[in-house]
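Colleague: I have a structure open and want to understand its insides. Can you take me through it?

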Amino acid sequence: MSEQNILEVRNLTKHFKAGGRQVVHAVDDVSLTLKKGRTLGLVGESGCGKSSCARTIIRMYDPTSGQIILDGDDITNLSQKQLKPYRKKMQMIFQDPFSSLNPSKRVEWILEEPLRMQKIPKEQRKQKVLAMGEKVGLTTEQLRRYPRELSGGQRQRVSIAAALIQGAKFIIADEPVSALDVTIQKQIMELMVHLQEEMGLSILFISHDLNVIYQMCDRVMVMKDGKIVEEGTPDEVIMQPKEAYTKLLVESVL
């Protein structure tokens, strides 16, 4: 497995104005490295800044300061137009896939859309959609349905397919299984591990669930109030935590 970095984040900061002169330090001097083919977990309680960090890394938000390097290229200050080529490399999977899927279109149309924008011929598009559907465990019949006609687990499979169909190698998964029941959680987690091995994916996996993080990740970072307070392997961070905040998180699970 390659030990090259797919992502380097250096001293990333994101502030939001909260009305008047008040400023919220959502992300505060965060640095992290993700190696190719690996999974880095970002864990912390709700409101600690995990999602803001993810959205800033993927440039849904403009950073206040710091640096974001994707596969060797600095994307920190690129305009949205300049970012277009990088959108194929990096994609995001959300907790609620229904909100990110066009409810008026069938799944096959949704998966075809980015390929259509690339001017890929119709027959080739359809073949790609069928192949990706098979990869994520969706039948041809399910591809013809609308998102509302699918279960939560099936919609998350669609979301994963949409993230991967353009060839993305870096995925941010923001609480991708927290809205699913335990049985479906396990299926989606196993699917993500399988796809990672098959396609060489690098994943930043965000969750408040330490059990999920322990099973999915090679390394773990703990976030509190926008800052990283502890980092290490899952065994180091979860089984032998050093920081008081991490100990509280672990005790809350136990």
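What follows is a short exchange on the cavity, the cores, the sheet and the pockets.

Modeller: Keep in mind that this is a predicted model.

Colleague: Which element gives the most to the lining of the largest cavity?

Modeller: The structure holds 1 cavity of 30 Å³ or more. Its volume is about 60 Å³. The top contributor, with 3 residues, is α7.

Colleague: How many charged residues are in the lining of the largest cavity?

Modeller: The lining consists of I93, I160, L164, I171, M192, L195, Q196, L201 and I203. By class, 8 are nonpolar and 1 is polar. The count of charged residues is therefore none, since Asp, Glu, Lys and Arg are the ones that count as charged.

Colleague: Which element gives the most to the largest nonpolar core?

Modeller: That core has 46 residues. L111, V136, I160, L164, M192, L195 and F205 touch the most other members. With 6 residues, the element that gives the most to this core is α7.

Colleague: In β5, which residue is the bridge partner of I69?

Modeller: Strand β4 covers residues 65-70 and runs antiparallel to β5. 2 bridges join them. In β5, I69 is partnered by D74.

Colleague: Which element supplies the largest share of the lining of the largest pocket?

Modeller: This pocket holds about 620 Å³ of space. It is lined by 22 residues, with R87, Q91, P114, A162 and Q166 closest to the centre. The lining divides into 12 nonpolar, 6 polar and 4 charged residues. The largest share, 5 residues, comes from α3.

Colleague: How many residues lining the second largest pocket are charged?

Modeller: The second largest pocket has a volume of about 150 Å³. Its lining includes K35, R38, D218, R219 and E231. β2 supplies the largest share, 3 residues. Besides 2 nonpolar and 2 polar residues, the charged ones number 5.

Key. Residues are numbered from 1 along each chain as its sequence is written. This is a predicted model: local features need pLDDT of at least 70, side-chain atom pairs count only at pLDDT 80 or more; totals for chains, interfaces and linings use all residues. Side-chain values use heavy atoms; hydrogens and water are left out. On a 1 Å grid over the protein atoms alone, a cavity is a set of points where a 1.4 Å probe fits but cannot get out, and a pocket is an open set with protein on both sides within 12 Å along at least five of seven lines; lining residues have an atom within 4 Å of a point. Grid points are joined across faces, edges and corners, and a volume is the space filled by probe spheres set on the points. Helices (H or I, at least four residues) and strands (E, at least two) are DSSP runs, numbered from the N terminus. A nonpolar core is a set of buried Ala, Val, Leu, Ile, Met, Phe, Trp, Tyr and Cys residues joined through side-chain atoms within 4.5 Å. Buried means under 20% relative accessible area, exposed over 50%, partly exposed in between (1.4 Å probe, protein chains only). Two strands pair if DSSP finds at least two bridges between them.
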